[in-house]
Amino acid sequence: MDAPLPAPATIAWYGLVIGLLFGAVGQRTRFCTLGAISDGVLMGDWTRMRMWGLAMAVALAGTTGLQLAGLVDTSASIYTAGRLPWLSHLVGGLLFGAGMTLASGCGAKTLIRLGGGNLKSLVVFIVLGLSASMTLRGLFGVWRVGTLDRIAVELGPSQSLAALSGFPALGLIVAALLGIACLTHPAARSPRVIVGGTTVGALVVAGWFVTGHLGFIPEHPETLAPAFIGTNSGRPESLTFVAPYAYSLELLTLWSDTSKTVTFGVASVLGVILGAGAGAVAARELRLEGFRDPADLARHLIGAVLMGFGGVTALGCTIGQGLTGFSTLAPGALLTTAAIIAGAILTMKLEYRLMAQGN
């Protein structure tokens with residue numbers, strides 16, 4: 001007797017739980033990529049960057065373990081395709097980094113702040129989602145496909161460094177070295193850093209397991225082809241917070257369309273908001289916050305548009321590429337992450353220069 005098909009709703013429920021945990025832990029530990037970059041560049045404090053690096057190490061080690069155990073095949077994901085659109089990764093990453101600086105946080109931080117009552121983040125959520133949707137299938141998408149995506153190199157069946165090197169366990173070595181580097185400083189061994197880094201990294205691994213193993217069908221009864229249930233891409237996925245914004249808005253506006261369903265990505269977005277809200281309530285930090293003035297509104301609007309376009313163009317954000325993509329050892333993830341950091345630093349320095357000139 002054939003095994004029953006995994007229910008899309010089950011995959012979505014798992015996504016909701018993973019999102020809840022991410023939101024709660026992110027809110028309590030102040031896990032934030034922009035904050036980590038800002039602390040390091042402006043104050044010389046690299047503690048939060050070490051927490052982010054620890055999350056990368058845990059995500060990489062766990063994902064490599066799933067791959068070696070045959071539980072998940074990340075070569076089926078969007079990150080490890082043999083074609084490497086390097087210009088899209090670089091330009092998209094730079095724009096995303098600039099956008100998250102202007103909008104006071106990346107896609108994940110926007111959800112966490114929204115859960116805490118920040119109304120500015122609600123505006124960013126809507127505009128980022130619209131921009132991402134336009135970049136997926138709208139006007140921005142035409143520009144993206146006709147220009148940036150044309151520039152690429154072919155690396156073979158998979159661009160994963162583990163596959164290219166012929167050493168499947170490469171991720172374990174890289175993860176160990178990265179973890180050791182992050183924990184050498186005494187400040188990085190604080191409970192907040194360890195809990196934040198290990199939990200976020202483990203949740204990325206959990207996302208891969210849910211969509212790549214529990215939601216995998218070797219032979220779909222209708223198509224007779226391998227299939228992944230409950231994801232928007234039809235591939236294995238984990239945490240990412242750009243395209244799911246677009247899918248969330250699409251689901252809300254087309255709710256009566258029965259072809260639109262709650263997917264892993266959409267559920268994880270909702271989960272982060274709820275988890276962060278619960279954390280804010282528990283810590284008595286829930287409060288409403290709005291824009292200071294029209295200039296503050298314009299800054300966040302521009303940042304949201306840049307994040308939507310940049311995130312889709314680069315195939316991910318600080319979480320989608322910086323953690324989930326990195327966990328596959330895809331060169332595209334490395335390019336995007338480096339470009340995001342560069343874009344954020346350049347924008348920070350430009351803003352502070354303009355502030356100094358204004359004073």
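**Labels and their grounds**

Modeller: Helix α1 has as its buried residues I11, A12, G15, L16, I18, G19, F22, G23, V25, G26, Q27 and T29. Bear in mind that this is a predicted model.

Biologist: What do the buried residues of α1 pack against?

Modeller: They pack against α3, α5 (107–115), α10 (191–214) and α12. Contact here means heavy atoms within 4.5 Å.

Biologist: How do you know that the length of helix α1 agrees with the span its residues should have?

Modeller: Helix α1 covers residues 8–29, and at 1.5 Å a residue its 22 residues should span 32 Å. The end C-alpha atoms of α1 are 31 Å apart, which agrees. Just after α1 comes R30, with a positive phi of about 60°.

Biologist: Why are α3 and α9 called roughly antiparallel?

Modeller: Helix α3 (residues 47–68) and helix α9 (residues 170–183) pack at an angle of about 160°. Angles over 145 degrees count as roughly antiparallel, and α3 and α9 are therefore given that label. Their axes are 8 Å apart, and the crossing in which α3 passes α9 is left-handed.

Biologist: Which residues make the contact of α3 with α9?

Modeller: On the α3 side they are R50, G53, L54, M56, A57, L60, A61, T64 and L68. From α9 come G171, L172, V174, A175, L178, G179, A181, C182 and L183. By class, 13 residues of this contact are nonpolar, four are polar and one is charged.

Biologist: What makes α6 and α11 roughly perpendicular?

Modeller: The angle between helix α6 (residues 119–137) and helix α11 (residues 243–253) is about 100°. The range for roughly perpendicular is 65 to 115 degrees, so α6 and α11 are described that way. The axes of α6 and α11 are 7 Å apart. In this contact F125, I126, L128, G129, L130, A132, S133, L136 and R137 of α6 meet A243, Y245, A246, Y247, S248, L249 and E250 of α11. The contact of α6 with α11 has eleven nonpolar, three polar and two charged residues.

Biologist: How do you know that the span of α6 agrees with its residue count?

Modeller: The 19 residues of α6 should span 27 Å at 1.5 Å a residue, and the end C-alpha atoms are 28 Å apart, which agrees. The buried residues of α6 are K120, S121, V124, F125, V127, L128, G129, S131, A132 and T135. These pack against α5, α7 (139–146), α11, α12 and α13.

Biologist: What makes G332 a buried residue?

Modeller: Buried means under 20% relative accessible area. The value for G332 is 2%, so G332 counts as buried. G332 is found in helix α15. Leaving aside residues up to four places away in sequence, G332 touches L84, H89, Q159 and Q321.

Biologist: How far does helix α15 reach, and which of its residues are buried?

Modeller: Helix α15 (residues 331–358) has 28 residues and reaches 41 Å from its first C-alpha to its last, close to the 40 Å expected. Its buried residues are P331, G332, A333, T336, T337, A339, I340, G343, A344, T347, M348 and E351.

Biologist: Why is R284 called exposed?

Modeller: The cut-off for exposed is over 50%, and R284 has a relative accessible area of 81%, so R284 is exposed. R284 lies in the loop between α12 and α13. Its phi is near 55°, a positive value in a residue other than glycine.

Biologist: What makes R189 partly exposed?

Modeller: Its relative accessible area is 44%, so R189 is partly exposed. R189 is found in the loop between α9 and α10. Among residues beyond four places away in sequence, R189 touches L183, T184 and I194.

Terms used:
Residues are numbered from 1 along each chain as its sequence is written. This is a predicted model: local features need pLDDT of at least 70, side-chain atom pairs count only at pLDDT 80 or more; totals for chains, interfaces and linings use all residues. Side-chain values use heavy atoms; hydrogens and water are left out. Axes are lines fitted to C-alpha atoms, for helices over the stretch in contact, and angles run from 0 to 180 degrees between N-to-C directions. Helices (H or I, at least four residues) and strands (E, at least two) are DSSP runs, numbered from the N terminus. Angles under 35 degrees count as roughly parallel, over 145 as roughly antiparallel, 65 to 115 as roughly perpendicular and the rest as oblique. A crossing is left-handed if the near helix is turned anticlockwise from the far one by less than a right angle, and right-handed if clockwise. Ala, Val, Leu, Ile, Met, Phe, Trp, Tyr, Cys and Pro count as nonpolar, Asp, Glu, Lys and Arg as charged, and the others, Gly among them, as polar. The expected span of a helix is 1.5 Å times one less than its number of residues. Buried means under 20% relative accessible area, exposed over 50%, partly exposed in between (1.4 Å probe, protein chains only).
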